[in-house]
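Welcome! Have the structure open beside this briefing, and turn it as you read.

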Amino acid sequence: MKTWIAGLIVVVAALGIAGAPFAAAEPGVTDAEIVLGCSNSFSGPLAFTGEQATRFGVDLYFRAINDAGGINGRKVRTVYYDDGYKPQDAAANTKKLVEQDKIFAVIAPQGTPPVVATLDYLEENKVPLLFPFQGSPVTRGKKYVFSGMTLYDRQSRMMIDYLVGERKYKTFAVLYQDDEYGKAFLTAFEKDLGRHRLKLTATEPVKRGATDVSAQIAKLQAAKPQVTFLVLTPGPGAQALKERQKIGWTDTVMVSSGPLTDERYLALAADAAEDVEGLSLWPDPLTSDLTGVRQYREAMQKYFPKNEPNRYSLSGYFAALLFAEGAKRAGKGLTRDGVIAGLESIKGWESGILPPITIGPDHETQKQGFWVKVEKTRFKALTDWLKSE
Amino acid sequence: MRRAALVALIVLAVAWPRLASSYLVFLASLVLVNAIVAIGLNLLSGYTHQLSFGHAGFLAIGAYTTALLGLPCLRLEGLYLTMATLAFGFVVTEAILNLDALTHGADGLRVPAARLGPWALTTDAARYYLVVAVAALLVVAALNLARMRVGRALLAIRESEIAAQASGVPVATWKTLAFALSAFYTGVAGGLFAWLIGTLSPDAFDVFLSVDFVVMIIVGGLGSVPGSIVGAAVVTLLNDVLAGFQNYRPLIFGSVLIGCMLFMPGGIASVWRRQTAP
């Protein structure tokens, strides 16, 4: 009995003393290759957007640039793991990417909860977290994190300033998803209306997963707002629009918010989505004449001819394009800190997709959007790019 | 032989942070946390044959729930209990979303590092040791419990509630106890989970997580403590390994489970028992 306990202590102590020091080469970079990756939703509620942003977006740009010789002679390889929108899986996947796959940086992960679960780990280990597809401002103020999508508080500011300033509306109501996404917009709307000395006339919550919103729509109609914001996921969003059409409520402008502002989702409501307005963060992927968007469509036609262009793959494509610009600026001796400095040096840069990009010390890559209105199932632009500064 | 295996296991558990990368250390911690939930769930399902689809809810709010739900639901039997727990899982998620003053809703909650006296457990290895220590305690407790009077009473309830009652086993009391213990295990695991991930949000605890726990004990073996641990390891590691298959993950995961059920209907523990039986 005693001897095996003593033996156990010796073995444990020996193992405790041994322990190799960590090697210090720049991970994820060789002379021939850069390895990037992310944990994303390939199953679960956001599987479509996750797959489009990564395999048909980020990879689309990298395939094109690899065929054209790569970034400073290095080809880019990507590794993706599925987290099904679960924070714990995202944390495990991200550790695996950093420690086993030795990625250089995380690019384009998706969703606030999974991204937040990896935030501190990546910052502590000095691994860049580039352009996550999420709008909560929790990503602000980190040295190694650059935000992607225009953050929700900026979106709200642009929407309210435009509707109050340009369109002179005075009464507003909100139909919102009863979760963080809905409440993030709700508080931002209240704050931004406050700057104009206005208040919300009525607010109605919708439970996650609810399909019937007729009671809420009836109550909102009774409040007679000039503008009604929809902060919903696609299913209930379409339901709300159909319900409004059914009861013949026409004297309000329906405004969709955040990721709901997409033809694919609004099309679920068929002709009930006619005249819905909103803030679009991306030019029309199918029809825009911008050079960058044309190149995106040509690349899609060449590499994935069966995949129809859409905003999610365009956002992933843009993330890869922006990374490539930062990596080019970092030069031949590519390091993580070099890419951070490279991205921070971007001023008035033409991407051919969005208006000139300037990334300052705030690390926010997108700060704009433009106003659109649905006409015969497609968005028609009503304004030029709106700025949030 | 058994002692040698036990020693090897202890050495491996203690030495793991030295041998493996911090990712594998984290993964081992996650396996153990899931194993604690699985053992807890097995105390309920394996021993009394009640099925709970609400264990993600317990994991979410920790041990407090025993007081909230434990008593009223235990009068329910079989399918009715299953339905009540299924509803419970949803209720907890809703509650977390709506008590935002306390939980920050879906925005998630930053969890401060665990502290043991003067030490803050900030590294993966430190958190791992905490998890190992707690898991070891709970495993020993569960093993002992199963061999005690209580364990025999619970087994009697599993075989036949009527027969158990006729033999003088107070069925409702023991079922309450099993449920409370089960929720307690899961609550403890919830606390460890919070420290391990460092941030909490209701999306971590959806109904599929509860289903995952049920899968763990079925794959591992109902009514077996080692089976629960093996089941938790299999499901957690499988999830992790399959993450690289992206869209095909649910498909492959499902096929593996069907395979398990076809070839080992009693779970891994039953195969082990058959192999080692004289």
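Predicted model: local features only at pLDDT ≥ 70, side-chain atom pairs only at ≥ 80, totals over all residues.

Strand 11 of chain A pairs with strand 10, with strand 12 and with strand 13.

**Helix 3 and helix 4**

- Start with helix 3 (residues 87–99) of chain A and helix 4 (residues 112–124) of chain A, whose axes come within 7 Å and cross at roughly 40 degrees.
- The crossing of helix 3 of chain A and helix 4 of chain A is right-handed.
- On the helix 3 side of chain A, the contact uses A:Pro87, A:Ala90, A:Ala91, A:Thr94 and A:Lys95. From helix 4 of chain A come A:Pro113, A:Pro114, A:Ala117, A:Thr118, A:Tyr121 and A:Leu122.
- Sorted by class, this contact between helix 3 and helix 4 of chain A holds eight nonpolar, two polar and one charged residues.

**Helix 11 and helix 12**

- Next, find helix 11 (residues 311–330) of chain A and helix 12 (residues 336–344) of chain A, with axes 7 Å apart and an angle of about 110 degrees.
- Helix 11 of chain A crosses helix 12 of chain A in a right-handed way.
- A:Gly326, A:Ala327, A:Arg329 and A:Ala330 of helix 11 of chain A meet A:Gly338, A:Val339, A:Ala341, A:Gly342 and A:Leu343 of helix 12 of chain A.
- By class, the contact of helix 11 with helix 12 of chain A has five nonpolar, three polar and one charged residues.

**Strand 11 and its partners**

- Strand 11 (residues 368–375) of chain A runs antiparallel to strand 10 (residues 277–280) of chain A, with four bridges between them. Look for A:Ser280 opposite A:Phe370 of strand 11 of chain A.
- Strand 11 of chain A also pairs in the antiparallel sense with strand 13 (residues 386–387) of chain A, over two bridges. There, A:Gln368 has A:Lys387 as its bridge partner.
- Strand 12 (residues 378–381) of chain A is joined to strand 11 of chain A by four bridges, again antiparallel. A:Val374 is bridged to A:Phe379 of strand 12 of chain A.
- Strand 11 and strand 12 of chain A form a hairpin with two residues between the strands, where A:Lys376 takes a positive phi near 50 degrees.

Definitions and conventions: Residues numbered from 1 in each chain as written. Chains lettered and ligands numbered in written order. Axes fitted to C-alpha atoms, helices over the stretch in contact; angles between N-to-C directions. Left-handed = near helix turned anticlockwise from the far one by under 90°. Contact = placed C-beta atoms within 7 Å. Nonpolar A, V, L, I, M, F, W, Y, C, P; charged D, E, K, R; others polar. Pairing = 2+ DSSP bridges.
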